[in-house]
Protein chains: 2
Amino acid sequence: MQGVRRVLVVDDDDGVRTAVTWAFEADGFEVLAVDNGLSAMETIDGEVLSLVVLDLSLSGLGGLDILRRLRANESRNGQRHLPIIVLSGRDSETDRIIGLDLGADDYLVKPFSPGELAARARSVLRRSAEQAGGASAPFTPVGNGVEVDRTSRSVWVDGRSIELAAKEFDLLAYLVEHPRRACRRSELLAAVWSSDSDWQNESTVTEHVYRLRTKIETDPQNPKWLRTVRAVGYRWEG
Amino acid sequence: MQGVRRVLVVDDDDGVRTAVTWAFEADGFEVLAVDNGLSAMETIDGEVLSLVVLDLSLSGLGGLDILRRLRANESRNGQRHLPIIVLSGRDSETDRIIGLDLGADDYLVKPFSPGELAARARSVLRRSAEQAGGASAPFTPVGNGVEVDRTSRSVWVDGRSIELAAKEFDLLAYLVEHPRRACRRSELLAAVWSSDSDWQNESTVTEHVYRLRTKIETDPQNPKWLRTVRAVGYRWEG
DNA sequence: GTCGATGATCAACGACTTCTCAACATTTCA
DNA sequence: TGAAATGTTGAGAAGTCGTTGATCATCGAC
C-alpha cells in the first residue's frame with residue numbers, strides 16, 4: 001500500500017521495546033520506539049505512521065489516555081483512522097478493553113510471541129487498507145477457507161455460499177474479525193449480544209457455536225476453524 | 001547496561017558494612033550504606049540502584065519486610081526487577097526458603113568472604129542484564145525454545161504447537177512470566193489457583209508440573225526449562 | 001550405608017465443561 | 001392472526017480435567 005511502513009512502539013519496558021522492534025524490523029518495518037506517553041503523543045502528531053503498538057499500563061500519561069485522545073482528535077478533524085494494537089499486562093485488563101471498546105484495532109495480552117504480534121499487525125494493516133480502499137471491490141469468494149462480507153452479510157465456505165441466521169452471522173463475523181483469540185463466552189455475549197453474562201445465559205453462545213459448526217464445518221465433531229478452548233471459550237483459527 | 005553501578009548495603013553491623021563497602025568499591029561500584037530498614041526503603045525509593053545487599057536480621061523494619069514490600073511494589077507498578085542479595089546470620093533452612101521465595105536473587109550466609117560476595121554480585125547482575133536485555137520477561141524468544149501466547153492461549157515448543165489443559169497453560173504462563181525465579185509451591189498455588197496452601201494440597205502443583213514436563217520437555221526426567229529447586233519449588237529457565 | 005525428607009510417578013475418582021438435543025419463547029412476515 | 005424461522009434455555013450424556021493419596025526414586029545429612 002505504502003512505500004514505507006512505519007510503526008511506533010510505546011512501552012516503558014526496555015525488554016518489550018527491544019523485542020517488538022526486532023520483530024517488526026525483521027518484517028520490513030521502520031520502527032520508532034518511545035518509553036512514555038508524552039513522547040508517544042508528540043511522535044503521533046509529528047510523524048506519518050502506519051501503525052501504533054501501545055502498552056496500556058504506562059505510568060504518567062497512560063495508554064488509555066492516549067487512545068482516547070487520539071480517537072477524539074481523529075473524529076474531530078476527520079482524519080484517517082490510525083491502526084492501534086494494544087498490549088496489556090494482565091488478562092483481567094482484557095475484559096476492560098472489550099467492555100470499554102476504546103477503539104483499539106486489536107489487543108494482545110502479555111506474554112505474547114513476536115510471531116503472533118507480527119501476524120496481528122499484518123492483519124490489522126490489511127483490514128485498514130481494505131477500508132481505506134473505498135467502496136470495497138465487489139466481493140469475490142475465492143478458493144479455500146471461510147469468507148465473510150459484512151456489507152452483504154454473506155458467507156462463503158470453500159467458494160460455496162452458506163445461509164446463516166442473523167445471530168449466527170454476527171457471531172461468525174466477530175470471531176473472524178478477531179482471529180486466533182481465545183474468546184470467553186462472556187466476551188462473545190458482550191460483543192455479539194451486547195449483553196451482560198449476568199443477564200443472559202452463556203449456554204446461548206454454546207448453542208450458537210454448535211449451529212454454526214453444523215453449517216460451516218466439514219466435520220462439526222472435529223472443527224477446523226471454530227475450535228473449543230476448554231475452560232475458556234472458543235477460538236477462530238484464521 | 002548502566003554507566004554507574006551503584007549498590008546499596010543494608011546491615012546494622014559496622015564491620016560488615018565496612019567490609020562489604022570495600023569489596024564493592026574495589027570492584028568499581030559506587031556504594032551507599034545504611035544501618036536500618038527505614039533508611040534502606042528511603043534510599044531504594046530515592047536513588048537509582050543496580051543492586052541491594054540486604055541483611056535479613058535487621059532490628060526494627062526487618063530484611064524480610066523490605067524484601068516483601070519491594071517486590072510487592074515492583075509487581076504492582078510493573079517496575080524493573082531490582083536485584084537483591086540477602087545476607088543471613090544463621091544457616092537455618094527456613095530463612096533460606098523464605099528468602100528465595102520472596103524474590104531474593106541470591107543468598108549468602110555469614111561469615112562470607114568479600115570475594116564470594118563480589119562473585120555472586122557479578123553473577124546476579126549479569127543475569128539481571130540479560131533479562132532486561134529483551135530475551136525474556138513478558139516476551140518469549142523466536143524460533144527455538146518455548147513460546148507462550150496468552151491471547152490465543154497457545155504454546156509452541158521449538159516451533160511445534162502443543163495442546164495444554166487450562167491449568168497447565170496458566171501454570172506455564174506464570175512461570176514464563178517470572179523466569180529464573182525459585183517459585184515456592186505456595187506461591188504458585190496463590191498465583192495460578194488463587195488459592196491458599198492451607199486449603200489446597202501442594203502436591204497439586206507437583207502433579208501439574210509433572211504433566212507440563214511430559215508435554216513440553218524433550219526429556220521430562222531431565223528437564224531443561226522447568227527445573228526443580230529442591231526444598232523450595234520450581235524455576236523457569238528463561 | 002542408613003535414615004529421613006522431598007520429589008516423581010501413577011492410578012483412581014469426583015467435579016466440571018462441553019456437546020447435543022429438545023422444548024419453549026420470540027420475532028418475522030404473509 | 002398464524003405459521004415459519006430464529007433465538008434462548010435447560011437437562012442429560014459424554015468426555016476431559018483437576019485433585020488427591022499411595023508408592024517408588026532420589027538426595028543430602030549423619
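In this predicted model, a backbone N or O atom of A:Ala166 lies 3.5 Å from a phosphate oxygen of DNA strand D; a polar contact is here a pair of N or O atoms within 3.5 Å. Residues are numbered from 1 along each chain as its sequence is written, and chains are lettered from A in the order in which they are written. Local features need pLDDT of at least 70, side-chain atom pairs count only at pLDDT 80 or more, and totals for chains, interfaces and linings use all residues, while side-chain values use heavy atoms, without hydrogens and water.

The surroundings of DNA strand D comprise 24 residues, a residue being near the strand if one of its heavy atoms lies within 4 Å of it. The closest are A:Trp193, A:Arg211, B:Trp193, B:Thr204 and B:Arg211. By class, this surface divides into 6 nonpolar, 10 polar and 8 charged residues; Ala, Val, Leu, Ile, Met, Phe, Trp, Tyr, Cys and Pro count as nonpolar, Asp, Glu, Lys and Arg as charged, and the others, Gly among them, as polar. Helices H6 and H8 of chain A and helices H6 (166-177) and H8 (203-216) of chain B each supply at least two of its residues. Helices (H or I, at least four residues) and strands (E, at least two) are DSSP runs, numbered from the N terminus. Of the atoms of DNA strand D within 4 Å of the protein, 67% belong to sugar or phosphate and the rest to bases.

Chain A also contains an open sheet of 3 strands, in the order E9-E11-E10 with antiparallel pairing; two strands pair if DSSP finds at least two bridges between them. Strand E9 (183-184) and E10 of chain A each have a single partner strand, so one side of each is left without a neighbour in the sheet. E9(A) and E11(A) pair over 2 bridges, and A:Cys183 has A:Tyr234 in E11(A) as its bridge partner.

A:Trp236, in strand E11 of chain A, pairs with A:Trp225 in the loop between helix H8 and strand E10. Both tryptophans are buried, that is, under 20% relative accessible area (1.4 Å probe, protein chains only).

Note on methods
Buried means under 20% relative accessible area, exposed over 50%, partly exposed in between (1.4 Å probe, protein chains only). A polar contact is a pair of N or O atoms within 3.5 Å; within protein, one must be able to donate a hydrogen and the other to accept it, and residues adjacent in sequence count only if both atoms are side-chain atoms.
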